[in-house]
Amino acid sequence: MNKEIKTDLAIDQKVESLLAQMTLEEKIGQMTQVRHFDDITPEDINTHFIGSIIHTQGPTPGENAAGWQDKFVQLQKIALSTRLAIPMLFGVDAVHGQNTYAGATIFPHNIGLGAAGNAKLVERAASITALEARATGFNWVFSPCVAIPYNEKWGRVYEAFSESTEITTTLAQASVLGHQGPVGQSPALIATAKHFIGDGSTDFGVEGGNTTLSEEEVFERLLPPYRAAVEAGVGSVMASFNSLNGVPMHAHRKMITDVLKGQLKFDGIVVSDWKAYSRFGGNDVINAGVDVVMAVEGDFHMYVEGVRNGVLSGEISQERIDDAVRRVLKQKFRIGLFDNPFPEATLIPKIGMQAHRTVARQAVRESLVLLKNEDNLLPLKKDARIVVVGEFGNNSGLQSGGWTVNWQGMTENYAGATTILDGFRKFSGQEVLYDPDGAANTDDVEIAVIVVGETPYAEFMGDIGGVMNNYQHTLTEEHQRLIDTYHAKGIKTIVVLISGRPLVVTKQLEQADAFVAAWFPGSEGDGIAEVLYGDYDFKGKLPHSWPKSEEDYQGKYGPNFWDGSIEPLFPLGFGMSYEK
Ligand code: BGC
């Protein structure tokens with residue numbers, strides 16, 4: 001304990017001595033985050049003292065991990081050539097593994113980890129993610145998402161662990177510890193609890209909409225995971241796109257400054273979300289307590305100038321700027337960035353290594369929730385003659401959801417991943433047929449494993465009934481046809497649902513003999529067969545209550561929900577297993 005306090009004091013002294021030497025421009029630079037490929041030229045790092053870089057959708061930094069590291073080394077060298085030689089942070093949305101890098105270990109999305117409900121496993125997954133993120137050159141990840149989704153129309157339900165505050169709190173803490181290591185030890189990378197606060201509880205599940213909850217409800221239901229993350233030492237918290245009772249969260253001084261930094265004693269970085277400066281009121285964002293802004297897609301110069309003018313005109317206090325910069329510098333010292341500013345080349349061989357995939361496969365197995373198992377059709381016998389049906393059954397992109405290699409995910413296979421069919425072929429004692437579109441000759445088949453689900457999406461693109469309106473509350477006609485086809489043939493059916501949220505499948509549950517909710521398993525699709533063949537038992541429990549109709553779906557978290565007047569088809573925590 002003493003040691004920890006001394007270390008903190010030592011860091012504080014270093015921060016103060018550096019801060020005392022900094023010009024306003026250098027301070028604003030520390031508060032600036034840009035993409036490595038647009039808006040800026042490498043010289044801007046020099047002239048604007050940029051404090052951090054984000055990699056997200058867009059050109060990759062290099063052809064392979066060594067290339068990614070090289071790119072970040074080059075950029076870091078520019079930062080180190082500035083007057084005060086303050087190194088930069090490199091951030092990435094590694095939300096289910098280092099998912100921006102094809103070939104990394106991709107874990108089930110958080111909703112699957114919420115179903116598994118295994119804190120130790122979440123911690124291991126997070127530590128592997130952190131390691132693979134560092135191996136590709138990063139020292140900051142924008143994860144975990146600790147949202148509490150209150151409406152399945154929201155396109156980001158799967159980024160969150162559960163609708164339960166308790167489950168989310170436990171797993172949020174485990175995830176932060178996994179990413180950063182034990183409290184009191186120096187982490188090698190910064191984790192981010194996001195999106196503060198109310199992202200998942202907007203009215204009608206609209207991404208970035210308005211959350212209508214009383215202060216008491218916010219404190220009771222939504223704040224506990226943040227408290228847990230802060231106690232676990234989380235280095236940053238990201239502000240959210242939504243408003244809270246009409247006030248944009250990026251401009252919510254009370255929640256950011258008084259509650260998060262004050263009451264919760266969060267001493268890390270509050271980072272903005274995408275383009276927040278131009279979207280949420282310019283200097284109001286800084287005055288609310290945001291320390292670092294993602295000044296991307298055309299915002300960069302306007303942001304730097306705007307903050308500068310704000311300080312010169314007295315709109316932003318010098319104190320506010322100093323608070324922001326202190327927080328950034330503190331995290332940089334805390335992860336040892338001044339001593340070790342460059343990525344470690346020795347980590348590269350660890351990307352996607354077997355030991356990591358073994359943990360991801362365990363997560364896949366534990367995330368599966370058995371919703372129906374008529375006449376004990378499962379576990380399958382290894383000599384059963386089966387057919388795997390549907391494109392989702394043999395496509396690692398489709399099984400992985402958004403934030404997989406690309407922002408909106410993939411619809412093709414990606415490097416290093418196995419498909420669901422691969423698993424059946426690996427673990428069956430028989431030849432396994434594959435019927436991508438329901439047209440195959442299946443005369444010899446006893447059982448069909450029909451894989452259906454949601455095509456990958458991310459953020460507002462996945463809102464049901466949202467601006468894009470690409471998604472619906474139930475299966476597509478094409479997927480329904482696959483189930484109908486096999487149902488009509490009189491072949492026993494097991495439906496495996498790949499989805500980022502509970503869908504309304506009341507009818508499909510009646511048609512199927514067995515039904516498994518598999519969420520978005522990620523790169524280790526072959527783990528599903530291990531459970532269906534009975535080598536492992538089902539462990540997953542629903543992290544969300546499951547709506548029975550579209551009406552429930554609409555109103556689930558309307559005013560009636562909390563008084564219990566909507567009865568779900570399956571309650572939170574439901575999940576069958578082989579063991580009686
Ligand atoms: C998302 C964040 C993400 C950020 C950076 C935003 O659109 O809301 O979750 O971290 O982009 O890619």
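Me: How do you know that strand 12 and strand 17 are paired, and in which sense do they run, parallel or antiparallel?

Reply: In this predicted model, four bridges join strand 12 to strand 17 (residues 514-517). Pairing takes at least two bridges, so four bridges qualify these strands as partners. They run antiparallel, and one place to look is L370, which stands opposite V516 in strand 17.

Me: What makes strand 12 count as mostly covered?

Reply: Five of its five residues, 369-373, are buried. Buried means under 20% relative accessible area.

Me: And which other strand is largely enclosed by the rest of the structure?

Reply: Strand 5 is one: five of its five residues are buried, so the rest of the structure largely encloses it.

Me: Where does strand 5 sit in its sheet?

Reply: Strand 5 (192-196) is an edge strand, as is strand 4 (140-141), and each of them pairs on one side only. The sheet is open and has eight strands in the order 4-3-2-1-11-10-7-5, with parallel pairing.

Me: How do you know that strand 5 is joined to strand 7?

Reply: Count the bridges: there are four between strand 5 and strand 7 (residues 236-239), and the two run parallel. The cut-off is at least two bridges, so the pair passes. For a residue-level check, find F196, whose bridge partner in strand 7 is A239.

Me: Which strands pair elsewhere in that sheet, say around residues 52-55?

Reply: Strand 2 (residues 52-55) pairs with strand 3 (residues 89-92) in the parallel sense, over four bridges. S52 stands opposite L89 in strand 3.

Me: What holds paired strands together in general?

Reply: Backbone hydrogen bonds do the pairing, in either the parallel or the antiparallel sense.

Me: Why are strand 6 and strand 9 called edge strands?

Reply: They belong to an open sheet of three strands, ordered 6-8-9, with mixed pairing. Strand 6 (210-211) and strand 9 (247-248) each have a single partner strand, so one side of each is left without a neighbour in the sheet.

Me: How many bridges connect strand 6 and strand 8?

Reply: Two, in the parallel sense, with strand 8 covering residues 243-244. N210 stands opposite S243 in strand 8.

Me: Why is G282 called buried?

Reply: Its relative accessibility is 14%, and buried means under 20%, so G282 falls on the buried side. G282 is in the loop between helix 11 (276-279) and helix 12 (283-288).

Me: Why is A85 called partly exposed rather than buried?

Reply: A85 has 29% relative accessibility. Partly exposed is the range between the under 20% of buried and the over 50% of exposed, so 29% puts A85 there. You'll find A85 in the loop between helix 4 (65-80) and strand 3.

Me: What makes the phi of A85 worth a look?

Reply: Phi of A85 is near 50°, a positive value in a residue other than glycine. W403 is another case, with phi near 55°.

Me: And is W403 buried or exposed?

Reply: Buried: its relative accessibility is 6%, which is under the 20% cut-off. W403 is in the loop between strand 13 and helix 16 (420-427).

Me: Zooming out, how many helices and strands does the protein have, and why is it called as compact as a globular protein of its length?

Reply: The secondary structure comes to 20 helices and 17 strands. The radius of gyration is 24 Å, close to the 25 Å from the globule rule for 580 residues, so the protein is as compact as a globular protein of that length. Buried residues make up 63% of the 580 residues.

Me: What share of the contacts comes from residues 24 or more positions apart?

Reply: Among contacts with a separation of 6 or more, such residues account for 76%.

Conventions:
Residues numbered from 1 in each chain as written. Predicted model: local features only at pLDDT ≥ 70, side-chain atom pairs only at ≥ 80, totals over all residues. Heavy atoms only, no water. Rg over C-alpha atoms; globule rule 2.2 N^0.38 Å. Buried < 20%, exposed > 50% of the residue type's maximum accessible area, 1.4 Å probe, protein only. Contact = heavy atoms within 4.5 Å.
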